[in-house]
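Subject: Structure for your review

Dear colleague,

Please find the sequence and the structure handed over below.

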Amino acid sequence: MRLEGKIAVVTGAAKGIGKEIAIEFAREGAKVIACDMAEMTYEMENVDYFKLNVADSEGCKVFFDAAIEKYGQIDILVNNAGITRDSMTRKMTDAQWNLVLDVNLKGVFNLVRYIGPQMETIGGGSIINVSSVVGVFGNIGQANYAATKAGIIGLTKTWAKEFARKGVPVRVNAIAPGYTMTDILKTVPQELLDKFAKLTMLKRLGQPEEIAKATLFLASNDASYVTGQTIQVDGGMRL
Ligand SMILES: NC(=O)c1ccc[n+]([C@@H]2O[C@H](COP(=O)([O-])OP(=O)(O)OC[C@H]3O[C@@H](n4cnc5c(N)ncnc54)[C@H](O)[C@@H]3O)[C@@H](O)[C@H]2O)c1
């Protein structure tokens, strides 16, 4: 029970990686507030659903106020919600660029701007931002997505400094998953997925549960001296 008594917000928690993180956290004793703009695909004791579009800054403020009112405080925040709108750069539209930046990058800022300072006032907390190997290595056809996932690493390092500057242990880290079997890969052709699997040292794609385990480590006190880091959970990828 590594998260006993903790209140955790997980965004994009209706399915995929976010769902596995919410389930893992609840199993470890946390009360989980699962935020998503889509309907939930599962039910679990100690996982409460809150409908939220993370790109909506006013909606995020309303959510924050409602969560503090109902749960008292937020100890853990996992910024997991993310989307792709892939295109070669020469064909990328403003709409594709703006939507991915709004959800993947501004969506993270929209919650941290409230929850980070709140963690300072309650004496600590853990923020985990879900980046991607694409933010580390880059990827053809994903300029918008790569920009957001690399941006998340910069935000992580900045917030690790900013929220700990008064000596309060607010830890901020990022997870950079490799290619992981969820719906986000639906649009990626099978031959590319096979190629990505071959590029890993473990010769396979990841499972969402494996990302959830690393996120649990960062959320828990096991990672009490880990901050400002990006952990690649990618089977040893060499892009
Ligand atoms: N699956 C992979 O291969 C992979 C690899 C690297 C990083 N990631 C990252 O992991 C995170 C989770 O991805 P996934 O693979 O589980 O994808 P997914 O598509 O299975 O799930 C994403 C969830 O986010 C929600 N979401 C999307 N936009 C939202 C918004 N504006 N507000 C609130 N919720 C929103 C969706 O409704 C969905 O439930 C994303 O940030 C993604 O970029 C995934």
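Predicted model: local features only at pLDDT ≥ 70, side-chain atom pairs only at ≥ 80, totals over all residues.

Seven strands make up an open sheet with parallel pairing, and their order is E3-E2-E1-E4-E5-E6-E7. Its edges are strand E3 (47-51) and strand E7 (230-233), each of which pairs on one side only. On average, neighbouring strands of the sheet are turned by 20° against each other, direction ignored. Within the sheet, strand E5 (residues 125-130) and strand E6 (residues 170-177) are joined in the parallel sense over six bridges. Gly125 is placed opposite Val170 of E6.

Helices on the sheet. Helix H5 (residues 143-162) packs on the sheet and touches E5, E6 and E7, with a direction at about 165° to that of E6. Helix H7 (residues 208-219) lies across strand E1 (7-11), strand E4 (76-79), E5, E6 and E7, and also runs at about 165° to E6.

Helix pairs. H3 and H5 pack with their axes 8 Å apart and at an angle of about 15°. Because this angle falls under 35 degrees, H3 counts as roughly parallel to H5. Their crossing is right-handed. On the H3 side, the residues in contact include Trp97, Leu101, Leu105 and Val112, while H5 contributes, among others, Tyr145, Ile152, Leu155 and Trp159. By class, the contact of H3 with H5 comprises ten nonpolar and six polar residues, with no charged residue.

H2 passes H3 in a right-handed crossing. Here Ser57, Cys60, Lys61 and Phe64 of H2 meet Asn110, Leu111, Tyr114 and Ile115 of H3. This contact holds five nonpolar, two polar and one charged residues.

The ligand shell. Which residues are closest to the ligand? Among the 29 residues that surround the ligand, the closest are Gly12, Gly16, Gly82, Ser132 and Thr182. Helix H1 (16-27) and H3 are the elements that give two or more residues to this shell. H1 supplies the largest share, three residues. The shell is made up of 15 nonpolar, eleven polar and three charged residues.

With kind regards

Key
Residues numbered from 1 in each chain as written. Left-handed = near helix turned anticlockwise from the far one by under 90°. Helix = DSSP H or I, 4+ residues; strand = E, 2+ residues; numbered from the N terminus. Contact = placed C-beta atoms within 7 Å. Nonpolar A, V, L, I, M, F, W, Y, C, P; charged D, E, K, R; others polar. Near = placed C-beta within 6 Å. Pairing = 2+ DSSP bridges. Axes fitted to C-alpha atoms, helices over the stretch in contact; angles between N-to-C directions. Parallel < 35°, antiparallel > 145°, perpendicular 65-115°, else oblique.
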